[in-house]
Amino acid sequence: MAPHSDRRLFIRDFRLQVSIGIHDFEKKAPQTVVVNVDLVLAKPEKAHNDRIANVLNYDTVHDGIVALAGSRHFNLQETLVDAILDLCLTQPGVIEARVSTEKPDVYKDCRVGYEAVRRK
């Protein structure tokens with residue numbers, strides 16, 4: 001039996017300015033949101049041979065999140081996380097995505113956020 005091995009691509013502590021929140025003061029200016037993404041990748045169909053064309057390019061995920069975060073106002077972190085999950089699960093080879101967001105400036109004594117996991 002061949003050994004089992006998971007492959008993952010991750011983006012951690014990605015700080016973005018996002019128009020997010022349900023309160024009037026939150027709708028006046030973007031606020032910092034910290035995004036974490038962990039993607040489980042399917043077993044590769046071929047060896048990567050040290051070529052970017054043969055792997056998931058994290059630039060695609062990073063740039064997609066930037067575009068998504070700037071695309072509109074989000075009332076809820078849950079909505080933003082769902083949209084990032086949709087983006088991640090359309091990438092080739094991604095079989096599971098875990099995405100979390102945090103709003104670090106809401107409280108002085110803790111961080112608050114939301115996390116969801118979805119499989120294809």
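Visitor: What does pLDDT express, and what is its mean for the protein chain?
Guide: pLDDT is the predictor's confidence in each residue, on a scale from 0 to 100. The structure shown is a predicted model, and 94% of the residues of its protein chain reach 70 or more. The mean pLDDT of the chain is 92.

Visitor: In which helix is confidence highest?
Guide: Confidence is lowest in helix 1, residues 24-27, where the mean is 93. At the other end stands a mean of 98, found for residues 77-89, which form helix 3.

Visitor: How many strands does the open sheet have, and which are the edge strands?
Guide: The open sheet has 4 strands in the order 1-2-3-4, with antiparallel pairing. An edge strand here pairs on one side only, and this holds for residues 7-18 and for residues 112-119. The edge strands are therefore strand 1 and strand 4.

Visitor: What is the average twist from one strand to the next?
Guide: Strands of a sheet pair through backbone hydrogen bonds, either parallel or antiparallel. From one strand to the next, the twist averages 15°.

Visitor: Which residues of strand 3 are the bridge partners of Val34 and Asn36?
Guide: Strand 2, residues 31-41, and strand 3, residues 94-103, run antiparallel and are joined by 8 bridges. In strand 3, Val34 has Glu102 as its bridge partner, and the partner of Asn36 is Ser100.

Visitor: Why is strand 2 described as largely enclosed by the rest of the structure?
Guide: In a regular strand the side chains alternate between the two faces of the sheet. On one side of strand 2 the buried residues include Val33, Val35 and Val37, and on the other they include Val34, Asn36 and Val40. Strand 2 is largely enclosed because 11 of its 11 residues are buried.

Visitor: Is Thr32 buried or exposed, and which side chain makes a polar contact with its side chain?
Guide: Thr32 belongs to strand 2. Its relative accessible area is 13%, and buried means under 20%, so Thr32 is buried. Beyond four places in sequence, the residues in contact with Thr32 include Arg15, Leu16 and Lys103. The polar contact of the Thr32 side chain, at 2.7 Å, is with the side chain of Gln17.

Visitor: Is Asp13 buried or exposed, and what is its phi?
Guide: Asp13 lies in strand 1. Its relative accessibility is 58%, and exposed means over 50%, so Asp13 counts as exposed. Most residues other than glycine have a negative phi. Asp13 is not a glycine, yet its phi is positive, at about 55°.

Visitor: What angle does the direction of helix 3 make with that of strand 3?
Guide: Helix 2, residues 58-69, lies across strand 1 and strand 2 and runs at about 30° to strand 1. Helix 3 packs on the sheet and touches strand 1, strand 2, strand 3 and strand 4. The angle between the directions of helix 3 and strand 3 is about 155°.

Visitor: Which element gives the largest share of the largest nonpolar core?
Guide: This core has 27 residues, and those with the most contacts inside it are Val18, Val37, Leu39 and Ile84. Strand 1, strand 2, helix 2, helix 3 and strand 3 each give two or more residues. The largest share, 7 residues, comes from helix 3.

Definitions and conventions:
Residues numbered from 1 in each chain as written. Predicted model: local features only at pLDDT ≥ 70, side-chain atom pairs only at ≥ 80, totals over all residues. Heavy atoms only, no water. Pairing = 2+ DSSP bridges. Axes fitted to C-alpha atoms, helices over the stretch in contact; angles between N-to-C directions. Contact = heavy atoms within 4.5 Å. Buried < 20%, exposed > 50% of the residue type's maximum accessible area, 1.4 Å probe, protein only. Core = buried A, V, L, I, M, F, W, Y, C linked by side-chain atoms within 4.5 Å. Polar contact = N/O pair within 3.5 Å; in protein donor to acceptor, adjacent residues only side chain to side chain.
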